[in-house]
Amino acid sequence: MGSIADKITGKTNEVAGKARQAAGKAVDNHEEQAKGAVQEIKGKAQVAKGDAKNAVKNVVDKA
């Protein structure tokens, strides 16, 4: 997966995780809140992975 695809997938997971947490909070479901938090963290990691790939590509392109 390329850096842009990683970033898009990551942002999607972040938003879905936040929504899942909110839904869990609304119905007082702690398990769903936790799953949402994990999904949000996964999304942030994917965005960071995309940023890292982009940074490496920029260094290679300059060499």
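Helices here are DSSP runs of H or I with at least four residues, numbered from the N terminus. The model shown is predicted.

**View 1. The pairing of α1 with α2.** The axes of α1 and α2 come within 7 Å. They cross at roughly 165 degrees. Angles over 145 degrees count as roughly antiparallel, and α1 and α2 are therefore roughly antiparallel to each other. The crossing in which α1 passes α2 is left-handed. Sorted by residue class, the contact of α1 with α2 holds three nonpolar, 14 polar and 15 charged residues.

**View 2. Gln46 in helix α2.** Gln46 sits in α2. Its relative accessible area is 17%. Buried means under 20%, so Gln46 is buried. Neighbours within four places in sequence are left aside for the contacts of Gln46. The partners of Gln46 are then Asp6, Lys7, Thr9, Gly10 and Asn13.

**View 3. Asp28 in the loop between α1 and α2.** Helix α1 spans 3-26 and helix α2 spans 30-62. Asp28 is found in the loop between them. The backbone of Asp28 has a phi near 55 degrees. That is a positive value in a residue other than glycine. The relative accessibility of Asp28 is 57%. Exposed means over 50%, so Asp28 counts as exposed.

Methods
Residues are numbered from 1 along each chain as its sequence is written. This is a predicted model: local features need pLDDT of at least 70, side-chain atom pairs count only at pLDDT 80 or more; totals for chains, interfaces and linings use all residues. Side-chain values use heavy atoms; hydrogens and water are left out. Helices (H or I, at least four residues) and strands (E, at least two) are DSSP runs, numbered from the N terminus. Buried means under 20% relative accessible area, exposed over 50%, partly exposed in between (1.4 Å probe, protein chains only). Contact means heavy atoms within 4.5 Å. Axes are lines fitted to C-alpha atoms, for helices over the stretch in contact, and angles run from 0 to 180 degrees between N-to-C directions. Angles under 35 degrees count as roughly parallel, over 145 as roughly antiparallel, 65 to 115 as roughly perpendicular and the rest as oblique. A crossing is left-handed if the near helix is turned anticlockwise from the far one by less than a right angle, and right-handed if clockwise. Ala, Val, Leu, Ile, Met, Phe, Trp, Tyr, Cys and Pro count as nonpolar, Asp, Glu, Lys and Arg as charged, and the others, Gly among them, as polar.
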